[in-house]
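Please look through the model below with two topics in mind.

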Amino acid sequence: MRIAFPTDEHYPFQDERARAVALKIVSDFKPDLRIAGSDGLDFYAISKFDKDPKRLKANGLQDEIDLWRKGQEEWRSAHPEARSWFLRSNHDDRLQKYLMRHPELYDLRVLQLPALLGLDALGIEWEHQKGENANYELVVENRLLITHGEIARKYSAYTARATLEREGLSLLMGHTHRGGSYFLQTRTGTLQAHECFCLCLLNPGYVRNPNWQQGLALATVDKTSLTVEMIPFFRRGSRVYAHWRDQEYRS
C-alpha cells in the first residue's frame, strides 16, 4: 500500500505554495491511500484562545470550512483513485469542546464533524475504525501506525521517539510541524517513527519564527516491509521547491 500523509495545513493558515508542491508529488506518487484531516482545519473562530478581530472578519468559521473543502477537492484531483481517510486531531476537537460549552447544541447532527465538513460528498471515509481511538489513528498491515499525535517535544524527532516508545509500533505522525525521524532496533526488527512536517504558513501571525519545517511524508508498506520517504521543502525567495526521485518540484 502506498500512503501519502499531508499534515497540518491549518486552514485558513495554509501555505498554498507548499501545498502546490505537495500536490504535484502526490500526483506522481499515485498513492492508494491519502490521509485527510490531521489538523487540516485550525477551527480558529471557535478556539478558546484570544483571536485577532481582523482575522475573524476575513475568515469566519464557514470561510475556513469552505477553503478546506476546496483544498480537499484539489487533493482528490491530484490522484482520484486514492482512498481518503479522515484522521482526527486536537484542532478538530476544538469543535467538540465548543459544543460541550454549549450543550444545547451538542446533539445537533448537522454540527457533528462528518456532517459539518461534508465528508461523504468529498469521498472521505470517516468510520474506518471502531473503539476508543476511532478516527484518531490508523494501523496498516499491523506494521504502521498513523496518528496525529498529542505531545510535542522541543527538538526534532524527540516527539517521534517518545510516541514510538509508548506505542511499540512504527509510526507516522503530525502535530509538531517539524520533520524528524527516529529508528530503534529490536529483537524482532527495526522500528521507525517520523514527524511528518507541516503545510501551513511558517509565520502565521500567532507565533513568531517557530521551529517548523514544511514537507511531505510518503510510505510504502506491506506485510514484511516499510519504506518511508521524508521530503523536506525549501524556499528560494517566495518560491517553494523540493527534490524527490531525481526530479525538482516547484510552486
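The paragraphs below take the helix pair and then the salt bridges.

This is a predicted model, in which local features need pLDDT of at least 70 and side-chain atom pairs count only at pLDDT 80 or more, while totals for chains, interfaces and linings use all residues. Residues are numbered from 1 along each chain as its sequence is written, and side-chain values use heavy atoms, with hydrogens and water left out.

Two packed helices are described by the angle between their axes and the distance between the axes. Helix H1 spans residues 16-29 and helix H3 spans residues 61-78; they pack at an angle of about 25 degrees, and their axes are 8 Å apart. Helices (H or I, at least four residues) and strands (E, at least two) are DSSP runs, numbered from the N terminus. Axes are lines fitted to C-alpha atoms, for helices over the stretch in contact, and angles run from 0 to 180 degrees between N-to-C directions. H1 and H3 are therefore roughly parallel to each other, a label for angles under 35 degrees.

On the H1 side, the contact (heavy atoms within 4.5 Å) is made by Glu 16, Arg 19, Ala 22, Leu 23, Val 26 and Ser 27, and on the H3 side by Gly 71, Glu 74, Trp 75 and Ala 78.

Some charged residues of this contact also take part in salt bridges: Glu 16, Arg 19 and Glu 74 are linked in a network with Glu 9 and Lys 70. A salt bridge is a side-chain nitrogen of Lys or Arg within 4 Å of a carboxyl oxygen of Asp or Glu. Glu 74 pairs with Lys 70, the closest N and O atoms being 3.0 Å apart. Both residues lie in helix H3, four residues apart, about one turn of the helix. Glu 74 is partly exposed at 28% relative accessibility, whereas Lys 70 is exposed at 51%. Here buried means under 20% relative accessible area, exposed over 50%, and partly exposed in between (1.4 Å probe, protein chains only).

A search of the whole structure finds 17 salt bridges. Among them is the one between Arg 83 and Glu 125, with the closest N and O atoms 2.8 Å apart. This pair links distant parts of the chain, 42 residues apart: Arg 83 is in strand E3 (residues 83-87) and Glu 125 in strand E4 (residues 124-125). Arg 83 is partly exposed at 42% relative accessibility, and Glu 125 is partly exposed at 28%.

Notes:
Angles under 35 degrees count as roughly parallel, over 145 as roughly antiparallel, 65 to 115 as roughly perpendicular and the rest as oblique.
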